[in-house]
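Please examine the sequence and the structure shown below. The paragraphs that follow lead through selected helices, charged pairs and surface patches.

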Amino acid sequence: MTVYPPTPTPLAPFIIHNLIIPLLIYTNKSLKHITHKFKLFEIISYTIVTSFLFFLKIIRSFIPSVLNYNSSPESASESDSDYDSYHWIPFLKGYGQSTDVGDIGSFEGDTCIARALYQLLAIHNEIPVSSRKYEVVRSYAEKLMDENLGVSCEPLRQVNATALSGAFVRALRQLEVAVAEGDCGEGDSGLDVVEKTGGGGGGCFGLSRVVRTAGYFGGAAWTRFVKRKTRLGGSAEKLAAELLWLAQKLSACGSGDEAVRQWASASNLASVSLNTQLRLQGSLVKLSVYLFKQSVSMGGKDDDEGTMEELRKIKMKMLMSWIPFLCRSSIGTDAPVLSFNEKAELENVLGELIGSLKHEDEQEKVLSLWLHHFTHCPSSDWPNLHLYYDHWCIISRKLLILDGK
């Protein structure tokens, strides 16, 4: 029987993240009074930590070889598994389902044309905008959707609606994760981390800040090489632009209501987006404005009372989730993302949506929320709903007089 050498265990990231970095931090705290008194100790500490940072930068070139090196028989089965995954096509019927977060494998298209469209939309989500194939994939997807609508066949329209809806949900989930993690398209360097964490002693060398920078790089290495974090569909700004495009395509096939429903439920995204980059805020403002306009046309005279009540709740969620964001967000730095007429149009849209809320207490909640954020944000005077606030006060006063009689 052949004896194989033991397989090396990739413990380096684990040791760095859980042993070395805490040891450096503890040592820094213990010797803080010495480094303040003796400049030589401070220089030595700075040299050690700087060397450690350099080690973290070059470790990414060594760890993959450790992780991939495997000469045991078990590696053969793993290689076979990798070979199978290389030929795995997630859209063809009969292939296994993927378990990655937001994976497109959960789509249950029962026709070739449906799976083809969903594959195009998923690839469009995955590849970066800088790729020369990005516009090629988008043009393929648009051509396929336009041809489906051109036939005037309800099953084909439903194919568009289902595929677009799934792509919108997937991109929205990715956007929420990207915004929460601060992935707006530009990675933070070690120097940026030091600037963000601020001072904290250590004189001109700032040992505390350097140690925090070391923690940053250690965490990045741990995430990249051990946890193998699921790759998302690009930066948050790219995802916001993609969501706007998907919402427009959903409206074109008569299913814009689905995009409004999903956006109305994204209250967590609305709250964390206030801490993002100004350019991303501008993209989210454009998307919110478009979906607010779509929400006005939701429903019709032929809808039953139950449907109208559901739509009213969606509009209420939409207003409560995104009015604070509109009041406090940036609408452009170098150039405004909305023109004067577009801003005035949205104010009318918001007023119409508030007026569609039949219950007086619901209108009060929305207008009180607007008043709070509008008055507490000195940098913005939009959206200005004072006319609708005055109108609500007049109506409430009349109702009180009528109740008194």
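A residue is called buried when its relative accessible area is under 20%, exposed when that area is over 50%, and partly exposed in between, with a 1.4 Å probe and protein chains only. The structure is a predicted model, in which local features need pLDDT of at least 70 and side-chain atom pairs count only at pLDDT 80 or more, while totals for chains, interfaces and linings use all residues. Residues are numbered from 1 along each chain as its sequence is written, and side-chain values use heavy atoms, with hydrogens and water left out.

Helices are DSSP runs of H or I with at least four residues, and strands are runs of E with at least two, both numbered from the N terminus. After α8 comes Gly182, which has a positive phi near 75°.

The charged pairs come next. Side chains of opposite charge can pair when their charged atoms come close. A salt bridge is counted when a side-chain nitrogen of Lys or Arg lies within 4 Å of a carboxyl oxygen of Asp or Glu. This rule gives 10 salt bridges. One of them joins the side chains of Arg170 and Glu126, at 3.8 Å from N to O. Arg170 belongs to helix α8 and Glu126 to helix α6 (residues 112-126), so this pair ties together parts that are 44 residues apart in sequence. Arg170 counts as buried because its relative accessibility is 11%, whereas Glu126, at 30%, is partly exposed.

Another salt bridge, between Glu154 and Arg157, has an N to O distance of 2.9 Å. Both residues lie in helix α8, 3 residues apart, or about one turn of the helix. Glu154 is partly exposed at 48% relative accessibility, and Arg157 is partly exposed with a relative accessible area of 22%.

In helix α11 (residues 236-252), Lys238 and Glu242 are 4 residues apart and so are separated by about one helical turn. Their side chains form a salt bridge of 3.5 Å, N to O, and both residues are buried. Elsewhere, a network of salt bridges links Glu309, Arg312 and Glu362.

Which residues gather in a patch of negative charge on the surface? They are Asp302, Asp303, Asp304 and Glu305. Patches are made of residues with over 30% relative accessible area and no salt bridge, joining like charges within 9 Å and nonpolar side chains (Val, Leu, Ile, Met, Phe, Trp, Tyr) within 5 Å. Accessible areas come from the Shrake-Rupley method with a 1.4 Å probe, and for residues only the protein chains shown count as cover. Lys and Arg count as positive and Asp and Glu as negative, with His and the chain ends not counted; each charge is placed at NZ of Lys, CZ of Arg, CG of Asp or CD of Glu. Asp303 lies in the loop between α14 (278-296) and α15 (305-328), and is partly exposed at 31%.

Leu40, Ile44 and Ile48 make a nonpolar surface patch of about 290 Å². Ile48 is part of helix α3 (residues 39-58) and is partly exposed, with 49% relative accessibility.

Finally, Glu347 is located in helix α16 (residues 340-355) and is buried, its relative accessible area being 17%. Glu347 and Asn384 are 37 residues apart in sequence, and their C-alpha atoms are 6.8 Å apart in space.
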